[in-house]
Amino acid sequence: MRIVLIGFRGTGKTAVGRLLSKRLGIPLLDTDDLIETREGRSISEIFHSGGEIYFRKIEKEVITNLPEAGVVISTGGGAVLDPVNVEHLRAKSFVFFLSAEPDTIIRRIQKSKRPPLTNLPFPEEVRHLLEIRRLEYLKVADYCLDTTRTEVSAIADTVQKILEGKNISCEQVSKEYQEKIALSSEDLAVLSQENTPNGGYPRICAVMGNPASHSKSPALFNRLFTHYRLPYKYIRMEAPEVSNLLIFARLCDFRGLSVTLPFKQQVIPYLNEVDRTAQQIGAVNTIVQCGNLMHGFNTDWLGIQRPLVHLKGSKVAVIGAGGAAAAAVYACLTLDMQVTILNRTIERGQSLAERFGCVSASIAEFKNLKPEVVINATPVGMFPDTNTPVLVEMLTQDMTIFDLVYTPPETPFLQAAAKIGCTTIPGMEMFLHQAREQFLLFTGISAPEALVRELMP
Ligand code: NAP
């Protein structure tokens, strides 16, 4: 395994890297130093003659050729902006994101001779770059350590503890929570693993719901982790109380959570930060934990948007007014579609329509609407239910029917629609695309769609 340090300049990567290298008796490779050695000139000179594009090209080549084990690697601040770099840096590595408050960074690097990357004055440039890179660092990190008020030696101590598997005792926590949270014996064994062959615990991600037994996420994510050689395991946990699941995930320092029914709204007050899109939709289906802070996101809407991009501007009926319907409406509006929400409880449909500035009606209005796209965002048709959300006689063959229900994969609604000659999109498409986005948030790796399809359970 390798230790990789990422983060902005002035966050202590070099100092922490040097100390770890000394204590562990392994070399420190600083990618900026490697670039300067390779080019025989300083970073400033490289920027001056070749610009940032040339610098990033050389940086990528250097990162691609880093040794696979037994080193501490300190990366340049912008290295993680390139997806190819991310894939190389993540393989068989523990990635530590070192952060610091903007004022601290500005103070630490104000005498640096590095070339500017923007036309902004120095302090504004730092704040601007921190803002745009923050999410990238968050995604790529296995662990996040704030160096603002912590000595270099204490940061190095924490890194070593993590590597030795002494930072958490999830085995003990699991025992305390066994009455409150349902975990399979296999998943309990994962949490009790004292030392993996690599040293340290595997990083844990989990689906949390009530129930969570139907979720296909554990199978898919574990295959993706193996494919990308990440020291991660994905488990499944079920409980009636959302608070117990989140406290457990905090105590065990889980890296990521997929949130499923009925918790997508309930988790929000417990999170430290919720991104703007998730706030607008009013639901979180993805939580990334970084340095004890929980960040909430929504990837469901992308799972609905991706299969519909070619139908931009269409007239769409969204049936339902719950969390999945909110994500569907948000997705459709990003595609300039004309949205009508049809819901069993009229007032709930109206309130969702008001939130997004679209129209609503009763489900009976479907026959007058003549939509080009129909999205079922209700559980109607989910096994063992054999009903359809609207009468199939009202469908016409020019319609595209997207059923978000994915158990069974071919729902009664999709079967009836296919018989009529409609274009059908199964709920597994939503699952696939939202999971791909979730994997990106958990790891920083953008897995190709074809790979995710191949690994789908
Ligand atoms: P939710 O918040 O509980 O909302 C359910 C909606 O369905 C409500 O608007 C409800 O209407 C309506 N509804 C429930 N039973 C109905 C019935 N018998 N007839 C007509 N309408 C009915 O649930 P959700 O989170 O939005 O999830 C909805 C469905 O989306 C789930 O069942 C799941 O299958 C699917 N989903 C799929 C994926 C995927 O990856 N493919 C991801 C998320 C969700 P009222 O307002 O009248 O109660």
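Helices, of at least four residues, and strands, of at least two, are taken as DSSP runs numbered from the N terminus. The model described here is predicted. In these terms, proline 408 is placed in the loop between S16 and helix H17 (412-420). The peptide bond that joins threonine 407 to proline 408 is cis, with omega about 0 degrees. A cis peptide bond also runs from phenylalanine 383 to proline 384, where omega is near 5 degrees. Proline 384 belongs to the loop between strand S15 (373-376) and strand S16 (400-403).

Positive phi values were computed at several positions. Lysine 92, although not a glycine, has a positive phi of about 50 degrees. This residue is part of the loop between helix H4 (83-90) and strand S4 (93-99). With a relative accessible area of 36%, lysine 92 is partly exposed. Lysine 370, likewise not a glycine, has a positive phi of about 50 degrees and sits in the loop between H16 and S15. Its relative accessibility is 61%, and lysine 370 therefore counts as exposed, the cut-off being over 50%. At glycine 444, which follows H18, phi is positive and near 80 degrees.

Leucine 369 is a residue of helix H16 (residues 366-369). Its relative accessibility of 16% falls under the 20% limit, so leucine 369 counts as buried. Not counting residues up to four places away in sequence, leucine 369 touches Lys315, Ala317, Thr340 and Leu342. Lysine 315 and leucine 369 are 54 residues apart in sequence, and the C-alpha to C-alpha distance between them is 8.9 Å.

Helix H18 (residues 427-443) has 17 residues, which at 1.5 Å a residue should span 24 Å; the end C-alpha atoms are 24 Å apart, in agreement with this value. Of the 17 residues of H18, 17 are buried, so the helix is largely enclosed by the rest of the structure.

The packing of H2 on H3 was also examined. The axes of helix H2 (residues 31-39) and helix H3 (residues 43-64) come within 10 Å and cross at roughly 115 degrees. H2 is therefore roughly perpendicular to H3. The crossing of H2 past H3 is right-handed. On the H2 side, the contact is formed by Thr31, Asp32, Leu34, Ile35, Glu36, Arg38 and Glu39. The residues they meet in H3 are Ile43, Ile46, Tyr54, Phe55, Ile58, Glu59, Glu61, Val62 and Ile63. By class, this contact of H2 with H3 has 9 nonpolar, 1 polar and 6 charged residues.

Note on methods
Residues are numbered from 1 along each chain as its sequence is written. This is a predicted model: local features need pLDDT of at least 70, side-chain atom pairs count only at pLDDT 80 or more; totals for chains, interfaces and linings use all residues. Side-chain values use heavy atoms; hydrogens and water are left out. Axes are lines fitted to C-alpha atoms, for helices over the stretch in contact, and angles run from 0 to 180 degrees between N-to-C directions. Angles under 35 degrees count as roughly parallel, over 145 as roughly antiparallel, 65 to 115 as roughly perpendicular and the rest as oblique. A crossing is left-handed if the near helix is turned anticlockwise from the far one by less than a right angle, and right-handed if clockwise. Contact means heavy atoms within 4.5 Å. Ala, Val, Leu, Ile, Met, Phe, Trp, Tyr, Cys and Pro count as nonpolar, Asp, Glu, Lys and Arg as charged, and the others, Gly among them, as polar. The expected span of a helix is 1.5 Å times one less than its number of residues. Buried means under 20% relative accessible area, exposed over 50%, partly exposed in between (1.4 Å probe, protein chains only).
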